[in-house]
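Please prepare a careful briefing on the model shown below, with the terms defined where they are used and the confidence of the prediction kept in view.

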Amino acid sequence: MADAYSFATFPVSSLNWRRLGTVISGGPTLSGPGQLGKFDGGGWWGVELGGVVLETQAERRAWTALLLALDEGLGQIEMGYLEETPMSGTTARFAAAAADRATTVQIERQSGFSGPLQPGTPFSVANSAAYDRLHIVKRVVSTVGSVDTVEIRVPLRQAVALNQAVDFNAPRCLMRLDDPEGEAWPTFDGTWTGSVPRLRFLEVFPPPP
Amino acid sequence: MSGPIISEDMAELASAGQIRPALFLRVASTPVIRAWTGVSTFPVPEDSVETDENAVYRGVGLITNFPVVEALINGVAQRMEVGLSGVDAEALALFQGDKTDLIGRVANFGMMFLGPDEQPACSMWWYRRGIVDRRIIRRRNGSRYFGLSIGTGRTDRRRPHLSFWIDQEHQKQYPGDLGLSRLPLHQNRTRKWPRWSS
């Protein structure tokens, strides 16, 4: 399992999660707005962190070690999807098996939930063979008792089994560094305070271990 | 090619300006190369081209120069170079098999439309078939580029990169066809066209 990014050790001043994709436009036409083609099959996750400040030598060294482990994108790291008020103490599982790339799933709320799932709720699928994958509820199709049928994005990255655990407490995603310009390496001022203005990560798809 | 290319539902979506094409490449090498233009994996059911009922296509992101949908007019042959730009190590490993095993293999291009729920909205349409005749690997500014040159026939006046007039190459394209198996018997011999006396 890859190490997780520690927001406690390296706090950030800005955080931007987004779903990335490949959309190609044919341009405007005389008779209408033209056509868009979406080629990504559901997209992938990207996150941009901003404003990391390194004030002590211990922090600077830890950051350097982190960058070496990330290996210009060849290494992997688990990025947590942070919220203002994260869920805690919840347990949930899939109420039915779902195929690879499914976008409609059934989730049973076992404990700790105050009500049905809401659109925009993030969760990750804990599968040690296929790493942690982040998904977000797009809309709730129906609710029967404690089972919600929801539409999710991005599509499932692997098939899931009946009763497989779903993690709403600490949703996260396996990612790699995307830093072609070398901006992750800090710039130091005269007081040896290092600053990293921007740091980007992209969802990664390694083969199962 | 006969029959509808896409269903009426997909034609309606396409006319509304919302299409979600998923493009697929299958090369019948050993092991089989299966790639598609999205991310993550894509299970593809068994059909006339895909012979494995558990086939899973690997997402390799944007494939450059994917052949557009064109008909061969008057039998004119075409050549295309399919490229993967900025590939990561895992994707590149797909194509870095034994070079001799890639050359001469059948390559199929397929397409299907996904619906608004990102699920297949029609069956796979294998719209183009060709033969791999060259493998290309380049590195530009630290980025890897991998390409396959695929021809649908003899495409230039010069001698083509690949000829099929030996049994081993012919077997790659048509396994089990013994049409050229006795060709070695004709090596280094001059056959004269018979002259019939009147």
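**Briefing on the predicted model**

The largest nonpolar core has 26 residues, of which A:Tyr5, A:Trp17, A:Trp63, A:Met79 and A:Phe201 touch the most other members; a nonpolar core is a set of buried Ala, Val, Leu, Ile, Met, Phe, Trp, Tyr and Cys residues joined through side-chain atoms within 4.5 Å, and buried means under 20% relative accessible area, exposed over 50% and partly exposed in between, with a 1.4 Å probe and protein chains only. This is a predicted model, in which local features need pLDDT of at least 70, side-chain atom pairs count only at pLDDT 80 or more, and totals for chains, interfaces and linings use all residues. Residues are numbered from 1 along each chain as its sequence is written, chains are lettered from A and ligands numbered from 1 in the order in which they are written, and side-chain values use heavy atoms, with hydrogens and water left out.

**Core of chain A**
- Two or more residues of this core come from each of β4 (44-54), α1 (57-70), β5 (77-80), β9 (133-144), β12 (172-177) and β14 (194-203) of chain A, and β4(A) gives the largest share, 5 residues; helices (H or I, at least four residues) and strands (E, at least two) are DSSP runs numbered from the N terminus.
- Leaving aside residues up to four places away in sequence, A:Met79 touches A:Tyr5, A:Phe7, A:Trp17, A:Val47, A:Leu49, A:Pro171, A:Arg172, A:Cys173, A:Met175 and A:Phe201, where contact means heavy atoms within 4.5 Å.

**Chain A as a whole**
- Chain A has 1 helix and 14 strands, and its C-alpha trace spans about 60 × 55 × 35 Å along the principal axes.
- Of the 209 residues in chain A, 45% are buried.
- Among contacts in chain A with a separation of 6 or more, 70% are between residues 24 or more positions apart.

**A:Ser195**
- A:Ser195 lies in strand β14 of chain A and is partly exposed, with a relative accessible area of 35%.
- Not counting residues up to four places away in sequence, A:Ser195 touches A:Val52, A:Pro186 and A:Thr187, while its C-alpha atom is 9.6 Å from that of A:Gly50, 145 residues apart along the chain.

**Confidence**
- The model scores ipTM 0.80 and pTM 0.76.
- Chain B averages a pLDDT of 71, with 57% of the residues scoring at least 70; pLDDT is the predictor's confidence in each residue, from 0 to 100.
- Over residues 68-76 of chain B, pLDDT stays under 50, and the model has 9 contacts beyond four places in sequence for them.
- Where pLDDT is low, the predicted coordinates should not be read in detail.
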